[in-house]
Every structure is written in structure tokens, then in C-alpha cells.
Amino acid sequence: MTDFGRATLPYCSFVRPGEERARVGVGVGTDVLDLTAASAARGHVHAGLFAAGSLDPLLAAGPLAWHEVRTFVAASLDAFAEHLSPAAGVELVLPFTVADYVDFYASEHHATNVGRLFRPDGAALTPNWKHLPIGYHGRAGTVVASGTPVRRPSGQTRGHDGTIAFGPTAKLDIEAEIGFVVGAGSTLGEPVPTSSFDDHVFGICVVNDWSARDVQAWEYVPLGPFLGKSFATSVSPWVVPLAALAGARVDPPRQDPEPLAYLQDEDAWGLDLELEVIVNGTVLSRAPYAQMYWTPAQMLAHLTANGAALRPGDLFASGTVSGPEQGQRGSLLELSWNGSHPVLLDDGSSRSFLLDGDRVTIAASARLAGGRRIALGQVDGQVVA
Ligand SMILES: O=C(O)/C=C/C(=O)CC(=O)CC(=O)O
Ligand SMILES: [Ca+2]
Ligand SMILES: [Mg+2]
């Protein structure tokens, strides 16, 4: 269970034992504050946003309401004792209805590694990579809450000898990512500039973009990832508002070539986050988010550059977070170099890709100016046959 500082105040949706209805919660230490009950008891002007128990109404309400709710919670924390209970005693559910889901590919280290593995005869980065944040539209309906078991998918693959077959993937993998949760929507036909990032994006969650590498490698040419990535995408139960991350903002890496005008991010939305990848209790990597080449404000501007509208609950993920070192890679594909260098677990076993029964946790934290680290929550999942 994540221990949140009192300045983080992430949101969740939870169900109490014996109840059916969900409530909106706020993480305080290892407790959850029942915001549905607390805001109603105080007759707060925004209490109606929490009645349904999902974050959907709050997301749609926009930045002024986000600010007012956070101020209310922060100012009244000590008066809320009767509405606090241990988070370990409640069920944390999918916190919002995922509208559209997009996955980017914003780590230069990850893209370089995958390029070498999947396209060894060509340049590691495709010619467009430094001109635009590459992404694809994923499957919103298979975004699942942390803790949901992930069933090993079947798919079509091509073996070394060229045989085409259908069956359970032999290369089930993870991707450690940060997800950006859109609150306020936008108007069809009107691009959202990088400067409006925080008018639309409410906060972040931790994402595990489960991937079947053998399915992916065979199917992706020329239209990109399809069934190899659409079977499950797990998200953390906590959505950390951008307001809690102000102290973690850093300058992103210098971009060369300079991106086109619509992609310039004057606000510098680099974030000093770390994603820890843990398989069966062994920490396999610590991936540094601050080195991501494209910022989330650039991803959002690109996503809407053609006039595509945003809806509350849209989720766009950063793409796998990998740093330059071996111990900073956010996927087993990279960590085991496509199976040629299996990684060791503390129990003495080794892994190229995931086995049935494996438990994966991706835990994120932010380093604030001054060096203090705050927890941002985690996403868990176990592989079942
Ligand atoms: O380069 C490729 O063909 C594929 C790359 C990925 O698997 C990337 C993906 O899902 C985006 C990401 O997580 O970075
Ligand atoms: Ca991905
Ligand atoms: Mg702004």
C-alpha cells in the first residue's frame, strides 16, 4: 500500500467491504479519505461531483473546480478524521471511465533499443522520430484497474523457420509508463497548444502496457501495434493531480532538431519521476522519466494538431520509460535483449519474458526540488495462464 505525503493528495475510486456503490477517495498517508461522504457532510459546493463515486464528474469540471476541491481537502484534512479509513481495507477500482487511449513512444533510449531489436538492418530511430512524438490509438475498453489478473493472450506469430501459428504468446512483456489523464475536453477542429496542457490534463497515473512481443513483431508492419498490445493495459488506482507535481518539473533534454512551432513547449513539462519495475519481488530496473525526449505537453499538442477533440477521461501514456543504463530499462524486451540475456530474479530463477504466475509491480515516485521523494502509487498485475 502506497504511503502518500499530505501534499500529494491523489484521488481514487473505492468500494467498502459489503457495499456496492463506489466512493471518491483521497490518499492521505496509508488511509483513504471518503471525499463523497466528507464533502456531502459539509455541504460543499462541489459535493455533487463525488456523489457517483467515480472521478468522471471531477475530471469534466475543469481546472477551477480541481483547484477548489484540492484547496478544500488540504485545508480540512485534520477535520476529516471520521471519514478516514485504512486504504488496505477497501477495494480500489478503476478511478475513471477511459474515453480514448493513446500510447506514445517518447523515450529515445527505449525507441533506440526497440529499433535495434526489431529492425537490426536499419537505423535505430526512424526518420520521423525527432520531428514528432510517435504514437498509436490503443483500446480504451481493455484498460483495467491495478490488481486485475492478466491472462496470457493468444495470437498469430511467425517462428524462426517462417512457420505461421496461432497460440499463447511466448514473449509476454511489460512496459513501464506514465499515463496522463485528460479532464477538460476540447472542441473538435481546435488544436490544443502546448501552453494549454494544464488547462486540460488533470493528473497522472502509473501504466503497465502489457505487450506480446512475438505477436507484435509479426503484425506491426505497416500499421503499428494492434493485438499484441490491446489485450490489457493496467493503471494505478491513484490519479495524482498535476498540482502535486509542480516541484518535480524539470527541463526536458535539449531537442535537436528544434521541433516545429506547434511542438515547442515553453513551459518545459519535463518531470523528475522514477518508475521502479519489480517482478516477483525483485527490482529489475529504475527508469528515469526526466530523460524522456518528448514532453507530455508536446504529446498533447501533437495528438490534437489535426483538430481531434479531447474528451474527459482520455488517457495518453508516455510510452515505455527507459534510461541509458541496463538497470534503467522499462521492458523485459530491453532488459533481456529479446531473450538473449535473461535477467536474474532473487529466487535464483531467470526471465527473458513473463511466466504464468509472475507478479509485476511498477511503482512511481517523484523527486521534488530540494531532493525529497514522494510516492505516486503503483500498478500491480499477475499473469495467469
Ligand atoms: O518500434 C516498434 O516497432 C515498437 C515499439 C513499441 O513496442 C512501442 C510502444 O508500445 C510504445 C512505447 O511504449 O514506447
Ligand atoms: Ca507502450
Ligand atoms: Mg498554461
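**View 1. Strands E1 and E2 pair in the antiparallel sense.** Strand E1 covers residues 11-15 and strand E2 residues 22-28, with 5 bridges between them; two strands count as paired if DSSP finds at least two bridges between them. Strands (E, at least two residues) and helices (H or I, at least four) are DSSP runs numbered from the N terminus. Phe14 has Arg23 in E2 as its bridge partner. The model shown here and in the other views is predicted: local features need pLDDT of at least 70, side-chain atom pairs count only at pLDDT 80 or more, and totals for chains, interfaces and linings use all residues. Residues are numbered from 1 along each chain as its sequence is written, while chains are lettered from A and ligands numbered from 1 in the order in which they are written.

**View 2. An open sheet of 5 strands contains E1 and E2.** The strand order is E4-E3-E2-E1-E5, and the pairing is antiparallel. Strand E4 (84-86) and strand E5 (91-93) are the edge strands, each pairing on one side only. Neighbouring strands of this sheet are turned by 45° against each other on average, direction ignored; axes are lines fitted to C-alpha atoms, for helices over the stretch in contact, and angles run from 0 to 180 degrees between N-to-C directions.

**View 3. Strand E20 is largely enclosed by the rest of the structure.** Of the 7 residues of E20 (residues 273-279), 5 are buried. A residue is buried if 20 or more other C-beta atoms lie within 10 Å of its own, exposed if 12 or fewer, and partly exposed in between, with C-beta atoms placed from the backbone. E20 pairs with strand E25 (residues 359-367) in the antiparallel sense over 7 bridges, and Leu273 has Ala366 in E25 as its bridge partner. Antiparallel pairing also links E20 to strand E21 (residues 282-288), over 6 bridges; here Val277 stands opposite Ser285. E20 and E21 form a hairpin with 2 residues between them, and Asn280 in the turn has a positive phi of about 50°.

**View 4. The largest nonpolar core has 99 residues.** Such a core is a set of buried Ala, Val, Leu, Ile, Met, Phe, Trp, Tyr and Cys residues joined through C-beta atoms within 7 Å. Ile178, Val181, Leu273, Leu275 and Ile362 have the most contacts inside the core. Strand E14 (residues 201-208) gives the largest share, 6 residues. Domain 1 (11-93) and domain 2 (101-384) each supply at least three residues; the domain bounds come from an automatic or database domain assignment. Leaving aside neighbours within four places in sequence, Ile362 is in contact with Ala176, Val206, Asn208, Leu275, Glu276, Val277, Gln378 and Val379. Two residues are in contact if their C-beta atoms, placed from the backbone, lie within 7 Å.

**View 5. Gly247 lies in the loop between strands E17 and E18.** Strand E17 covers residues 240-241 and strand E18 residues 249-250. Gly247 is partly exposed, with 14 other C-beta atoms within 10 Å. Gly247 and Arg367 are 120 residues apart in sequence, yet their C-alpha atoms are 7.9 Å apart in space. With neighbours within four places in sequence left aside, Gly247 is in contact with Leu368 and Ala369.
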